[in-house]
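Have the sequence and the 3D view open as you read.

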Amino acid sequence: MKRRAGGLILLLLLSGCTGGEREPEAARSASPAVSFGPGAVGAGDPYFPTYGNGGYDVGGYDLALRYDPAAGKLDGTATITATATQDLSRFNLDLAHLKATTVLVDGTPATVAAAGNELVVTPAAGIPKGRAFTTVVSYGGVPKQLENEILGAGGWLRVGKDGAIALGQPESASTWFPVNDHPSDKATFKLAMTVPDGVEVLSNGLAGNKDTVDGWTTWRWSEESPMASYLATVVIGQYRITTGTHAGRPMITAIPESLPADGPAAKSLARTGEITDFLETQFGPYPFRANGGVVVDEDEIRYALETQARPVYGNTFFASGQNTGVIAHELAHQWFGDSVALSRWQDIWLNEGFATYAEALWSEHTGGQTAQEIFDEAYRSFDWTETPGDPGPRRIFGDAVYERGGMTVHALRKTIGDEAFFKLLKSWPADHRDGNVTTEQFIEAAETASGKDLDAFFEAWLNGKTKPPKP
(Lines give C-alpha, C1' and ligand atoms only; values in the text may rest on other atoms or scores of the structure.)
Protein backbone atom coordinates (compact mmCIF):
# COMPACT_ATOMS: atom_id res chain seq x y z
CA MET A 1 0.00 0.00 0.00
CA LYS A 2 1.16 3.51 -0.77
CA ARG A 3 0.00 5.98 1.84
CA ARG A 4 -1.63 9.37 1.38
CA ALA A 5 0.12 11.72 -0.90
CA GLY A 6 0.57 15.06 0.87
CA GLY A 7 -23.11 -19.97 21.87
CA LEU A 8 -24.45 -23.09 21.32
CA ILE A 9 -21.87 -25.84 20.95
CA LEU A 10 -23.01 -29.06 19.28
CA LEU A 11 -21.13 -32.02 20.75
CA LEU A 12 -21.31 -35.26 18.81
CA LEU A 13 -19.63 -38.47 19.79
CA LEU A 14 -18.91 -40.71 16.84
CA SER A 15 -17.45 -44.20 17.13
CA GLY A 16 -17.67 -47.59 15.46
CA CYS A 17 -17.36 -48.59 11.82
CA THR A 18 -19.16 -47.22 8.77
CA GLY A 19 -19.58 -50.39 6.77
CA GLY A 20 -18.53 -54.03 6.32
CA GLU A 21 -18.48 -56.48 9.22
CA ARG A 22 -19.45 -55.33 12.68
CA GLU A 23 -16.43 -54.17 14.65
CA PRO A 24 -15.60 -56.26 17.76
CA GLU A 25 -16.83 -54.73 21.01
CA ALA A 26 -13.31 -54.36 22.40
CA ALA A 27 -12.13 -52.51 19.34
CA ARG A 28 -15.16 -50.23 19.35
CA SER A 29 -14.69 -49.32 22.99
CA ALA A 30 -11.06 -48.43 22.28
CA SER A 31 -11.87 -46.11 19.34
CA PRO A 32 -11.19 -42.44 20.15
CA ALA A 33 -14.24 -40.20 20.49
CA VAL A 34 -14.55 -37.26 18.12
CA SER A 35 -15.45 -34.00 19.84
CA PHE A 36 -16.91 -31.37 17.55
CA GLY A 37 -16.47 -27.77 18.59
CA PRO A 38 -16.87 -24.26 17.18
CA GLY A 39 -14.16 -22.60 15.15
CA ALA A 40 -12.46 -19.65 16.77
CA VAL A 41 -13.96 -16.19 16.41
CA GLY A 42 -10.85 -14.61 14.96
CA ALA A 43 -7.67 -15.86 13.34
CA GLY A 44 -5.60 -14.98 16.41
CA ASP A 45 -3.66 -12.03 15.00
CA PRO A 46 -1.91 -10.24 17.90
CA TYR A 47 -2.90 -6.82 16.54
CA PHE A 48 -6.43 -7.58 15.37
CA PRO A 49 -7.66 -10.67 17.28
CA THR A 50 -11.17 -10.63 15.78
CA TYR A 51 -10.06 -10.42 12.14
CA GLY A 52 -10.68 -13.66 10.28
CA ASN A 53 -11.84 -16.89 11.86
CA GLY A 54 -10.56 -20.31 12.90
CA GLY A 55 -11.50 -23.93 12.30
CA TYR A 56 -11.24 -24.03 8.50
CA ASP A 57 -9.02 -23.16 5.57
CA VAL A 58 -10.64 -21.58 2.52
CA GLY A 59 -9.65 -22.91 -0.89
CA GLY A 60 -11.67 -20.54 -3.05
CA TYR A 61 -14.40 -17.92 -3.30
CA ASP A 62 -16.80 -17.88 -6.26
CA LEU A 63 -19.07 -14.83 -6.25
CA ALA A 64 -22.14 -14.29 -8.44
CA LEU A 65 -23.34 -10.75 -7.64
CA ARG A 66 -25.61 -8.06 -9.01
CA TYR A 67 -25.17 -4.36 -8.24
CA ASP A 68 -27.91 -1.82 -8.81
CA PRO A 69 -26.21 1.60 -8.76
CA ALA A 70 -29.50 3.53 -8.59
CA ALA A 71 -30.45 1.85 -5.31
CA GLY A 72 -26.92 1.18 -4.13
CA LYS A 73 -27.97 -2.43 -3.58
CA LEU A 74 -25.80 -5.52 -3.87
CA ASP A 75 -27.11 -9.08 -3.82
CA GLY A 76 -26.16 -12.57 -4.97
CA THR A 77 -24.44 -15.70 -3.77
CA ALA A 78 -21.00 -16.62 -2.53
CA THR A 79 -19.81 -20.20 -2.94
CA ILE A 80 -16.97 -20.93 -0.53
CA THR A 81 -14.93 -24.12 -0.70
CA ALA A 82 -12.96 -24.94 2.43
CA THR A 83 -11.39 -27.71 4.50
CA ALA A 84 -12.02 -28.20 8.20
CA THR A 85 -8.86 -27.83 10.30
CA GLN A 86 -10.61 -29.24 13.37
CA ASP A 87 -13.70 -31.29 14.13
CA LEU A 88 -16.08 -28.46 13.45
CA SER A 89 -19.54 -27.97 14.94
CA ARG A 90 -19.95 -24.41 13.69
CA PHE A 91 -17.90 -21.69 12.08
CA ASN A 92 -17.93 -17.97 11.47
CA LEU A 93 -17.61 -15.88 8.33
CA ASP A 94 -16.91 -12.16 8.32
CA LEU A 95 -19.79 -10.19 6.77
CA ALA A 96 -20.42 -6.53 7.56
CA HIS A 97 -23.67 -4.58 7.00
CA LEU A 98 -25.16 -7.20 4.64
CA LYS A 99 -27.79 -9.84 5.49
CA ALA A 100 -27.58 -13.54 4.70
CA THR A 101 -30.93 -15.00 3.73
CA THR A 102 -30.01 -18.68 3.29
CA VAL A 103 -26.88 -20.71 3.92
CA LEU A 104 -26.26 -24.22 2.61
CA VAL A 105 -23.40 -26.43 3.77
CA ASP A 106 -22.81 -29.29 1.33
CA GLY A 107 -26.30 -28.69 -0.05
CA THR A 108 -28.09 -28.93 3.31
CA PRO A 109 -29.62 -25.87 5.01
CA ALA A 110 -27.61 -24.61 7.96
CA THR A 111 -28.65 -22.52 10.92
CA VAL A 112 -27.35 -18.97 10.59
CA ALA A 113 -27.16 -16.03 12.96
CA ALA A 114 -25.64 -12.56 12.70
CA ALA A 115 -23.44 -11.30 15.53
CA GLY A 116 -22.14 -7.86 14.68
CA ASN A 117 -19.92 -8.25 11.64
CA GLU A 118 -19.82 -12.04 12.05
CA LEU A 119 -22.00 -14.60 10.34
CA VAL A 120 -22.32 -17.66 12.60
CA VAL A 121 -23.02 -20.83 10.62
CA THR A 122 -24.10 -24.09 12.28
CA PRO A 123 -24.23 -27.00 9.79
CA ALA A 124 -26.82 -29.72 10.18
CA ALA A 125 -24.01 -32.13 11.15
CA GLY A 126 -20.48 -31.75 12.40
CA ILE A 127 -17.66 -31.53 9.85
CA PRO A 128 -14.73 -33.84 10.64
CA LYS A 129 -11.20 -32.46 10.57
CA GLY A 130 -9.61 -32.74 7.13
CA ARG A 131 -12.90 -32.94 5.24
CA ALA A 132 -13.60 -30.55 2.38
CA PHE A 133 -16.96 -28.79 2.45
CA THR A 134 -18.81 -26.19 0.41
CA THR A 135 -20.82 -23.30 1.82
CA VAL A 136 -23.24 -21.31 -0.34
CA VAL A 137 -24.41 -18.01 1.13
CA SER A 138 -27.25 -16.03 -0.43
CA TYR A 139 -27.11 -12.47 0.83
CA GLY A 140 -27.72 -8.83 0.02
CA GLY A 141 -28.31 -5.29 1.17
CA VAL A 142 -26.78 -1.85 0.81
CA PRO A 143 -23.05 -2.24 1.42
CA LYS A 144 -21.05 0.43 3.20
CA GLN A 145 -17.64 0.96 4.67
CA LEU A 146 -16.23 -0.40 7.88
CA GLU A 147 -15.52 2.35 10.38
CA ASN A 148 -12.17 1.53 11.99
CA GLU A 149 -11.48 3.72 15.02
CA ILE A 150 -7.74 3.14 14.67
CA LEU A 151 -7.13 3.23 10.92
CA GLY A 152 -10.13 4.96 9.37
CA ALA A 153 -12.86 3.72 7.05
CA GLY A 154 -12.33 1.04 4.42
CA GLY A 155 -14.23 -1.31 2.16
CA TRP A 156 -17.21 -0.71 -0.11
CA LEU A 157 -17.64 2.92 -1.18
CA ARG A 158 -20.51 4.16 -3.34
CA VAL A 159 -19.21 6.56 -5.99
CA GLY A 160 -21.45 8.89 -7.95
CA LYS A 161 -24.70 7.78 -9.58
CA ASP A 162 -23.42 4.60 -11.21
CA GLY A 163 -20.23 3.53 -9.47
CA ALA A 164 -18.70 1.81 -6.46
CA ILE A 165 -15.25 0.80 -5.29
CA ALA A 166 -14.35 -2.00 -2.84
CA LEU A 167 -10.88 -1.28 -1.47
CA GLY A 168 -9.00 -1.13 1.79
CA GLN A 169 -6.38 -2.47 4.17
CA PRO A 170 -6.19 -4.25 6.59
CA GLU A 171 -9.83 -5.26 6.06
CA SER A 172 -12.37 -4.58 3.33
CA ALA A 173 -13.60 -7.84 1.79
CA SER A 174 -16.27 -8.42 4.46
CA THR A 175 -18.13 -5.33 3.24
CA TRP A 176 -19.10 -7.07 0.02
CA PHE A 177 -18.84 -10.85 0.49
CA PRO A 178 -18.71 -13.43 3.32
CA VAL A 179 -15.06 -14.19 3.94
CA ASN A 180 -12.31 -15.34 6.27
CA ASP A 181 -10.88 -11.83 6.36
CA HIS A 182 -7.25 -12.31 7.36
CA PRO A 183 -4.21 -12.64 5.07
CA SER A 184 -3.14 -15.91 6.68
CA ASP A 185 -6.00 -17.69 4.83
CA LYS A 186 -5.28 -17.09 1.15
CA ALA A 187 -7.70 -18.44 -1.46
CA THR A 188 -8.50 -18.31 -5.15
CA PHE A 189 -11.13 -15.83 -6.28
CA LYS A 190 -13.81 -15.67 -8.98
CA LEU A 191 -16.25 -12.86 -9.58
CA ALA A 192 -19.27 -12.55 -11.87
CA MET A 193 -20.64 -9.03 -11.36
CA THR A 194 -23.83 -7.97 -13.13
CA VAL A 195 -24.39 -4.24 -13.67
CA PRO A 196 -26.49 -2.08 -16.01
CA ASP A 197 -25.31 -1.89 -19.61
CA GLY A 198 -22.76 0.84 -20.17
CA VAL A 199 -21.14 0.45 -16.76
CA GLU A 200 -17.68 -1.12 -16.53
CA VAL A 201 -16.40 -3.56 -13.91
CA LEU A 202 -12.72 -4.13 -13.06
CA SER A 203 -11.39 -6.73 -10.64
CA ASN A 204 -8.47 -9.07 -10.00
CA GLY A 205 -6.74 -11.44 -12.37
CA LEU A 206 -7.90 -12.66 -15.75
CA ALA A 207 -10.89 -11.27 -17.61
CA GLY A 208 -13.57 -13.79 -18.63
CA ASN A 209 -16.49 -13.69 -21.01
CA LYS A 210 -19.14 -10.98 -20.80
CA ASP A 211 -22.80 -11.45 -21.62
CA THR A 212 -25.76 -9.09 -21.75
CA VAL A 213 -29.40 -9.91 -20.97
CA ASP A 214 -32.30 -7.45 -20.69
CA GLY A 215 -30.14 -4.39 -20.24
CA TRP A 216 -27.73 -5.90 -17.73
CA THR A 217 -24.18 -7.06 -18.42
CA THR A 218 -22.23 -9.64 -16.44
CA TRP A 219 -18.47 -9.10 -16.17
CA ARG A 220 -16.28 -12.04 -15.13
CA TRP A 221 -12.86 -12.02 -13.46
CA SER A 222 -10.76 -14.75 -11.86
CA GLU A 223 -7.55 -14.87 -9.84
CA GLU A 224 -6.22 -18.42 -9.78
CA SER A 225 -3.26 -17.77 -7.48
CA PRO A 226 -4.09 -17.78 -3.76
CA MET A 227 -4.90 -14.27 -2.58
CA ALA A 228 -5.23 -12.55 0.79
CA SER A 229 -8.79 -11.30 1.22
CA TYR A 230 -7.89 -7.60 1.58
CA LEU A 231 -6.34 -7.76 -1.90
CA ALA A 232 -9.71 -8.53 -3.52
CA THR A 233 -11.23 -5.54 -5.27
CA VAL A 234 -14.03 -4.48 -7.56
CA VAL A 235 -14.23 -1.11 -9.30
CA ILE A 236 -17.53 -0.18 -10.96
CA GLY A 237 -18.27 2.90 -13.03
CA GLN A 238 -17.41 4.73 -16.23
CA TYR A 239 -13.90 3.69 -17.28
CA ARG A 240 -11.73 3.61 -20.38
CA ILE A 241 -10.34 0.08 -20.43
CA THR A 242 -7.18 -0.73 -22.38
CA THR A 243 -6.45 -4.39 -23.08
CA GLY A 244 -3.37 -6.01 -24.54
CA THR A 245 -0.55 -8.36 -23.68
CA HIS A 246 2.90 -7.82 -22.25
CA ALA A 247 5.56 -10.48 -21.75
CA GLY A 248 3.01 -13.11 -22.79
CA ARG A 249 0.39 -12.22 -20.18
CA PRO A 250 -2.81 -10.13 -20.37
CA MET A 251 -2.30 -6.46 -19.54
CA ILE A 252 -5.49 -4.63 -18.60
CA THR A 253 -5.48 -1.03 -17.38
CA ALA A 254 -8.31 1.41 -16.78
CA ILE A 255 -8.70 5.17 -16.36
CA PRO A 256 -11.96 6.83 -15.29
CA GLU A 257 -13.70 8.84 -17.99
CA SER A 258 -13.48 11.86 -15.68
CA LEU A 259 -9.71 12.01 -16.35
CA PRO A 260 -8.04 12.83 -19.68
CA ALA A 261 -7.11 9.85 -21.82
CA ASP A 262 -3.59 11.25 -22.29
CA GLY A 263 -3.15 12.80 -18.82
CA PRO A 264 -0.46 12.07 -16.22
CA ALA A 265 -2.42 9.18 -14.66
CA ALA A 266 -2.84 7.44 -18.02
CA LYS A 267 0.78 8.04 -19.02
CA SER A 268 2.07 6.71 -15.70
CA LEU A 269 -0.13 3.62 -15.83
CA ALA A 270 0.98 2.95 -19.41
CA ARG A 271 4.49 2.22 -18.09
CA THR A 272 3.29 -0.74 -16.00
CA GLY A 273 4.88 -3.29 -18.35
CA GLU A 274 8.20 -1.46 -18.49
CA ILE A 275 8.37 -1.19 -14.70
CA THR A 276 7.42 -4.85 -14.30
CA ASP A 277 10.24 -5.82 -16.66
CA PHE A 278 12.74 -3.93 -14.50
CA LEU A 279 11.43 -5.40 -11.25
CA GLU A 280 11.78 -8.90 -12.71
CA THR A 281 15.52 -8.25 -13.06
CA GLN A 282 15.61 -7.49 -9.33
CA PHE A 283 13.06 -9.91 -7.85
CA GLY A 284 12.76 -12.75 -10.35
CA PRO A 285 9.77 -13.79 -12.48
CA TYR A 286 6.52 -11.86 -12.04
CA PRO A 287 4.34 -14.18 -9.92
CA PHE A 288 0.89 -13.89 -11.56
CA ARG A 289 -0.78 -14.63 -14.91
CA ALA A 290 -2.26 -11.14 -15.35
CA ASN A 291 -1.00 -7.59 -14.91
CA GLY A 292 -2.35 -4.06 -15.10
CA GLY A 293 -3.79 -1.34 -12.93
CA VAL A 294 -6.78 0.92 -12.29
CA VAL A 295 -6.84 4.63 -11.45
CA VAL A 296 -9.81 5.87 -9.43
CA ASP A 297 -10.93 9.48 -9.24
CA GLU A 298 -12.46 9.70 -5.80
CA ASP A 299 -11.48 12.18 -3.07
CA GLU A 300 -11.87 9.64 -0.26
CA ILE A 301 -9.28 7.32 -1.84
CA ARG A 302 -6.02 9.17 -1.32
CA TYR A 303 -3.87 6.07 -1.35
CA ALA A 304 -2.86 3.23 -3.66
CA LEU A 305 -3.29 -0.46 -2.88
CA GLU A 306 -1.54 -3.53 -4.27
CA THR A 307 -4.76 -5.39 -5.14
CA GLN A 308 -3.49 -8.62 -6.62
CA ALA A 309 -2.50 -8.62 -10.29
CA ARG A 310 -4.15 -5.20 -10.78
CA PRO A 311 -3.23 -2.45 -8.30
CA VAL A 312 -5.61 0.46 -7.69
CA TYR A 313 -4.23 4.02 -7.56
CA GLY A 314 -5.95 7.09 -6.19
CA ASN A 315 -5.66 9.96 -8.68
CA THR A 316 -4.08 12.09 -5.94
CA PHE A 317 -0.71 10.57 -6.90
CA PHE A 318 -0.92 12.08 -10.37
CA ALA A 319 -2.28 15.51 -9.48
CA SER A 320 1.13 17.14 -10.03
CA GLY A 321 2.17 15.16 -13.08
CA GLN A 322 3.43 11.72 -14.01
CA ASN A 323 4.42 9.48 -11.11
CA THR A 324 6.04 6.15 -11.90
CA GLY A 325 7.37 5.76 -8.36
CA VAL A 326 3.95 4.79 -7.04
CA ILE A 327 3.57 2.32 -9.92
CA ALA A 328 6.91 0.73 -8.95
CA HIS A 329 5.81 0.59 -5.30
CA GLU A 330 2.54 -1.23 -5.94
CA LEU A 331 4.02 -3.56 -8.56
CA ALA A 332 6.81 -4.53 -6.14
CA HIS A 333 4.07 -5.62 -3.76
CA GLN A 334 3.05 -8.30 -6.25
CA TRP A 335 6.17 -10.14 -5.06
CA PHE A 336 6.41 -8.68 -1.53
CA GLY A 337 2.98 -8.73 0.09
CA ASP A 338 0.78 -10.48 -2.48
CA SER A 339 2.52 -13.65 -3.67
CA VAL A 340 4.48 -13.71 -0.42
CA ALA A 341 1.89 -12.58 2.13
CA LEU A 342 1.95 -11.86 5.83
CA SER A 343 1.08 -14.37 8.52
CA ARG A 344 0.43 -11.52 10.98
CA TRP A 345 0.03 -7.76 10.62
CA GLN A 346 2.95 -7.03 12.94
CA ASP A 347 5.33 -7.94 10.10
CA ILE A 348 3.95 -5.43 7.60
CA TRP A 349 7.44 -3.94 7.15
CA LEU A 350 8.17 -7.01 5.01
CA ASN A 351 5.60 -5.63 2.56
CA GLU A 352 6.19 -1.91 2.78
CA GLY A 353 9.94 -1.88 3.37
CA PHE A 354 10.63 -3.79 0.15
CA ALA A 355 8.05 -1.82 -1.86
CA THR A 356 9.61 1.43 -0.63
CA TYR A 357 13.06 0.17 -1.58
CA ALA A 358 11.75 -0.78 -5.01
CA GLU A 359 10.95 2.90 -5.53
CA ALA A 360 14.60 3.69 -4.81
CA LEU A 361 15.84 1.00 -7.20
CA TRP A 362 13.52 2.33 -9.91
CA SER A 363 14.65 5.91 -9.26
CA GLU A 364 18.27 4.91 -9.69
CA HIS A 365 17.47 2.87 -12.80
CA THR A 366 15.77 5.86 -14.45
CA GLY A 367 18.50 8.39 -13.63
CA GLY A 368 16.96 9.90 -10.52
CA GLN A 369 18.35 9.79 -7.01
CA THR A 370 20.38 6.68 -6.24
CA ALA A 371 19.33 4.20 -3.59
CA GLN A 372 22.28 5.37 -1.48
CA GLU A 373 21.29 9.04 -1.78
CA ILE A 374 17.71 8.25 -0.78
CA PHE A 375 19.00 6.23 2.19
CA ASP A 376 21.37 9.00 3.31
CA GLU A 377 18.62 11.61 3.20
CA ALA A 378 16.21 9.49 5.24
CA TYR A 379 18.95 8.40 7.67
CA ARG A 380 19.79 12.02 8.55
CA SER A 381 16.26 13.11 9.39
CA PHE A 382 14.37 10.08 10.69
CA ASP A 383 12.81 9.91 14.19
CA TRP A 384 14.41 6.71 15.44
CA THR A 385 11.97 6.26 18.33
CA GLU A 386 9.54 4.82 15.75
CA THR A 387 10.20 1.14 15.09
CA PRO A 388 8.98 -1.05 12.20
CA GLY A 389 9.50 -4.48 13.77
CA ASP A 390 6.55 -4.14 16.14
CA PRO A 391 4.85 -0.83 15.27
CA GLY A 392 1.58 -1.55 17.07
CA PRO A 393 -1.87 -1.63 15.45
CA ARG A 394 -2.15 2.16 15.30
CA ARG A 395 1.13 2.53 13.39
CA ILE A 396 1.03 -0.22 10.77
CA PHE A 397 0.98 2.54 8.15
CA GLY A 398 3.40 4.80 10.00
CA ASP A 399 6.68 6.30 8.81
CA ALA A 400 8.73 3.59 10.49
CA VAL A 401 7.10 0.80 8.49
CA TYR A 402 7.75 2.54 5.18
CA GLU A 403 10.85 4.71 5.57
CA ARG A 404 12.73 2.81 8.25
CA GLY A 405 11.59 -0.43 6.67
CA GLY A 406 13.12 0.72 3.38
CA MET A 407 16.29 1.85 5.14
CA THR A 408 16.54 -1.56 6.79
CA VAL A 409 16.51 -3.20 3.37
CA HIS A 410 19.31 -0.92 2.12
CA ALA A 411 21.32 -1.37 5.32
CA LEU A 412 21.01 -5.14 4.87
CA ARG A 413 22.37 -4.75 1.34
CA LYS A 414 25.38 -2.83 2.60
CA THR A 415 25.94 -5.32 5.43
CA ILE A 416 25.86 -8.56 3.42
CA GLY A 417 27.05 -7.23 0.05
CA ASP A 418 25.37 -6.98 -3.33
CA GLU A 419 25.94 -10.58 -4.39
CA ALA A 420 24.19 -12.09 -1.36
CA PHE A 421 21.59 -9.32 -1.24
CA PHE A 422 20.34 -9.61 -4.81
CA LYS A 423 20.41 -13.38 -4.56
CA LEU A 424 18.14 -13.04 -1.52
CA LEU A 425 15.80 -10.64 -3.36
CA LYS A 426 15.08 -13.44 -5.83
CA SER A 427 15.22 -16.52 -3.59
CA TRP A 428 12.85 -15.13 -0.93
CA PRO A 429 9.82 -14.65 -3.23
CA ALA A 430 10.64 -17.84 -5.14
CA ASP A 431 10.90 -20.00 -2.01
CA HIS A 432 7.66 -18.61 -0.48
CA ARG A 433 5.57 -18.09 -3.60
CA ASP A 434 1.81 -18.21 -2.84
CA GLY A 435 2.61 -18.57 0.88
CA ASN A 436 2.67 -16.66 4.16
CA VAL A 437 5.73 -15.56 6.10
CA THR A 438 7.07 -13.93 9.27
CA THR A 439 10.01 -11.69 10.07
CA GLU A 440 11.75 -14.59 11.76
CA GLN A 441 11.66 -16.55 8.53
CA PHE A 442 13.14 -13.64 6.63
CA ILE A 443 15.98 -13.24 9.10
CA GLU A 444 16.77 -16.94 8.72
CA ALA A 445 16.73 -16.57 4.92
CA ALA A 446 19.04 -13.56 5.07
CA GLU A 447 21.49 -15.41 7.30
CA THR A 448 21.46 -18.39 4.95
CA ALA A 449 22.09 -16.18 1.92
CA SER A 450 24.92 -14.26 3.58
CA GLY A 451 26.47 -16.84 5.90
CA LYS A 452 26.34 -14.21 8.67
CA ASP A 453 24.71 -13.98 12.08
CA LEU A 454 22.30 -11.06 11.61
CA ASP A 455 20.35 -11.13 14.89
CA ALA A 456 22.04 -7.98 16.21
CA PHE A 457 21.61 -6.20 12.89
CA PHE A 458 17.87 -6.82 12.69
CA GLU A 459 17.34 -6.05 16.37
CA ALA A 460 18.97 -2.65 15.89
CA TRP A 461 17.21 -1.77 12.64
CA LEU A 462 13.76 -3.15 13.39
CA ASN A 463 13.38 -2.68 17.13
CA GLY A 464 16.03 -0.28 18.43
CA LYS A 465 14.92 3.18 19.53
CA THR A 466 18.24 4.89 18.81
CA LYS A 467 19.93 5.54 15.48
CA PRO A 468 21.75 2.37 14.42
CA PRO A 469 25.30 2.67 13.07
CA LYS A 470 25.39 3.54 9.39
CA PRO A 471 26.65 0.52 7.46
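## The five-stranded sheet

Five strands form an open sheet with mixed pairing, in the order β19-β20-β21-β23-β22; strands are DSSP runs of E, at least two residues, and helices are runs of H or I, at least four, numbered from the N terminus. At the edges stand β19 (239–246) and β22 (304–305), each with a single partner strand, so one side of each has no neighbour in the sheet. Pairing requires that DSSP finds at least two bridges between two strands.

The model is predicted: local features need pLDDT of at least 70 and side-chain atom pairs pLDDT 80 or more, while totals for chains, interfaces and linings use all residues. Residues are numbered from 1 along each chain as its sequence is written, and side-chain values use heavy atoms, leaving out hydrogens and water.

β22 pairs with β23 (residues 312–314) in the antiparallel sense, over two bridges. Alanine 304 has tyrosine 313 in β23 as its bridge partner. Helix α4 (residues 324–332) packs on the sheet and touches β21 (291–296), β22 and β23 (contact means heavy atoms within 4.5 Å).

## The largest cavity

The lining of the largest cavity includes Gly205, Leu206, Phe288 and Arg289. Strand β17 (residues 216–227) gives the largest share of this lining, four residues. A cavity is a set of points on a 1 Å grid over the protein atoms alone where a 1.4 Å probe fits but cannot get out; a pocket is an open set with protein on both sides within 12 Å along at least five of seven lines, and lining residues have an atom within 4 Å of a point.

## The second largest pocket

Of the 17 residues lining the second largest pocket, Thr356, Ile374, Ala378, Tyr402 and Glu403 are the closest to its centre. The elements giving two or more residues to this lining are α5 (349–365), α6 (371–381) and α7 (399–416).

Notes: Axes fitted to C-alpha atoms, helices over the stretch in contact; angles between N-to-C directions.
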